[in-house]
Amino acid sequence: MTPAQNLEASKKVSTTGSPEEPESLFHRDGKPSPKYYVPLALQHVMAAIIGIITPAMIVGNACGLPSEDSAMLIQAAMLFSGIVTLLQAHPLFGRVGSGLPVITGASFAFVPVLNSIGAADGIAAVIGAQFVGGFVAMAFALFLKPLRKLFPPVVMGTVVFCIGLSLYSVAVGYMAGGNGAADFGSAQNWIVALVTLAFCIFFGNFCKGVLKLGSLLFGLLAGYAVALVLGMVDFGGIAGAAWVSLPRFLPFGIEFRPDAIVSLGSMFIIAAVEMMGDFSATTSGAMDREPRFKELKGGILCEGFASTVGALFGGLPTSTFAQNVGITTSTRVVSKRVFACAAGILIVAGLMPKFAAVLNTIPMAVIGGATLTVFGSITVTGIRILTGDGLSARKGTIAGTSIALGMGISMVSGALAGPGIPAWVTSIFGGSAIVVTTLMAIVLNLVLPDPDGERAVGAVEEDEMIGIDGADLAADEHEAALHGHAVPAESKAL
C-alpha cells in the first residue's frame, strides 16, 4: 500500500462511524486494537532507543561520571523521553504539548555544548544551564506568533531538507558499527547492516498489513537475529541491571554559571526551530497539511517545560526525533494509541533498568540498516515542502545557498575554530549544519527581492494557522469530513 493508498484507507469508516481496523491507525483519534498498535509502537521505540541513551552516555563520559551515575543519567533520559512523548500525544491542560504524532528524546543537538560545559564545570553546571534553558524555550514558544513569520514554507522546507541530509552520516556511522567501535567499518558490520536494510525494504514493499506498516521493526528483528548468530550481541550488561529504580531529586546537584547558561540557552532556541521543522515534516508528510500555530506553540512549550523539570531529576534536554518523523511520514500511522504505547514502553524502560539493558543489546549496525531509508524520507519531505507551489529561482537561491553553507561548515572540521573566533561560536555553529542553514535561510528570505510574493504567501499561511479560530475550525471540519466524523460541539464553541 502506497502512502496515497494509506490515506485513502484512512477515510474508510464502519457503520458505527468509527474507523475500521487497521484503517483506524491512520486517524489521529483512531482506536486500533493492541495487535495493530503495539508492533508499531515498538518500531518507534527501536528506532529511537540508541538516540535516547547515547547522548547520556557521551555527556556522562565528558563529565567524568562513575558508571553508576552514568547509568542514572541514562535511566532519566529514558524516563523523560517517555513522559514528554506522552505529553506531546496528549497535551497537558490542552496547551502543553503539540497533539502531534512525534517521539521525543535526549537530543544530539545539545551534546557538543553539554560536553563543553561538563568538561569545564562539571555535571552540576550542566543541570543549572539546562534548568534555565528550559525557560528560554518556553519564552520562545510564548512569543512564537510574531516570530512565526520568519519561517514560511521556503525556510521550513530548507530546514527539513537539511535535517535529512545531516542524518545520513549518523545512519552510515551506525551501519559501520558506531563511531569509536573497535570493529568500526568491518565487513561483518556492513553485512549485518545491509541484510537489515534489505529486510526492511522487503517488508515495506512486498508485504501487506502489519508486516508492511511495521517494516522497520520486523526488518530490525531480522537483522538482530543475524547479528545474534554472528555473535555480535552482548548480554553482559543485563545481569547487573536492577529491575526497578526510581529517579532521585537533584542527584548531581545544581550550579548556575552565566557562560554555561548563555551557550546552552541559545541551543534551546535552535532546537525549537528544529522542532518546528520536525512538526512541519510530520504534518506535511503524514497529515497533508502545515502545522497549526497552536501545535507549534504547544510542542515547543512542552519541550521547554520538560527540560526544566527533567533537569531536577538528572534528565537531559529533549527534542523531537527526526528518525521517528521519518517513520511516521513513511507509514502515515498517526493514531494516538501508537504514540502513547511507545511513551509507556519508554517510561517502563526508564523505571526498569534491566529492560533498558535488553534494548541496549541491539548492535548499532542493525540500527543503522533499519534507519537509512527513514532518513531518506525526511529529505524527500523537505523537498515536498520546499516545492509545494513550485520551485522559483528565489527559492532555489535560499535553499541551495543555505544548505551549501551549513553542510559545508559541518563537514570541514575546525572551519570555525581558527584565531579570532570565540569558543562559543565554534560550539554553536561549528558542528551543526542545521543551525547555520536555518539562520542563513531566514536572512536570505528577509533580504532577497520577492517579486512573486513568496513572503506574503508565507505570512498568509501563518495567519490561517494561528489559534483555534475560523480557519482552524474549517480545517478540523475538512479533516472530519474526510474521515466521516462530525466536529465536536466543544470545538465549535471555542
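Reading the labels in a predicted model

Phe199, Phe202, Phe203, Phe206 and Phe218 form one aromatic cluster. The structure is a predicted model.

Me: How many aromatic pairs does a search of the whole structure find?
Reply: The search finds eight aromatic pairs. Among them is the pair of Phe131 and Phe135.

Me: What makes Phe131 and Phe135 an aromatic pair, and why is the pair called edge-to-face?
Reply: Their ring centres are 5.5 Å apart, and rings pair if their centres lie within 6.5 Å. The planes stand at 70°, and planes over 60 degrees apart count as edge-to-face. Therefore the label for Phe131 and Phe135 is edge-to-face.

Me: Why are Phe131 and Phe135 separated by about one helical turn?
Reply: Because they are four residues apart in helix 5, which covers residues 123-142.

Me: Why is Phe131 called partly exposed?
Reply: Its relative accessibility is 22%. Buried means under 20% and exposed means over 50%, so Phe131 falls in between and counts as partly exposed.

Me: How do you know that Phe131 and Phe256 are an edge-to-face pair?
Reply: The ring centres of Phe131 and Phe256 are 6.2 Å apart, within the 6.5 Å limit for a pair. Their planes are at 70°, and the edge-to-face label needs over 60 degrees, so the pair of Phe131 and Phe256 is edge-to-face.

Me: Which parts does the pair of Phe131 and Phe256 tie together?
Reply: Phe131 lies in helix 5 and Phe256 in the loop between helix 11 and helix 12, so the pair ties together parts that are 125 residues apart in sequence.

Me: What makes Phe256 partly exposed?
Reply: Phe256 has 47% relative accessibility. Exposed would need over 50% and buried under 20%, so Phe256 counts as partly exposed.

Me: Why is Thr158 called buried?
Reply: Thr158, in helix 7 (residues 153-175), has a relative accessible area of 0%. The cut-off for buried is under 20%, so Thr158 is buried. Thr158 touches residues including Leu386, Ile398 and Thr437.

Me: How far is the backbone oxygen of Val154 from a polar atom of the side chain of Thr158?
Reply: The distance from the Val154 backbone oxygen to that side-chain atom of Thr158 is 2.7 Å.

Me: What is the phi of Leu250, and where is the residue placed?
Reply: Leu250 has a positive phi of about 45° although it is not a glycine. Most residues other than glycine have a negative phi. Leu250 is in the loop between helix 11 (236-239) and helix 12 (258-286).

Technical notes
Residues numbered from 1 in each chain as written. Predicted model: local features only at pLDDT ≥ 70, side-chain atom pairs only at ≥ 80, totals over all residues. Heavy atoms only, no water. Helix = DSSP H or I, 4+ residues; strand = E, 2+ residues; numbered from the N terminus. Phe/Tyr/Trp six-rings, centres within 6.5 Å; stacked < 30°, edge-to-face > 60°. Buried < 20%, exposed > 50% of the residue type's maximum accessible area, 1.4 Å probe, protein only. Polar contact = N/O pair within 3.5 Å; in protein donor to acceptor, adjacent residues only side chain to side chain. Contact = heavy atoms within 4.5 Å. Lists of a residue's contacts leave out its neighbours within four places in sequence.
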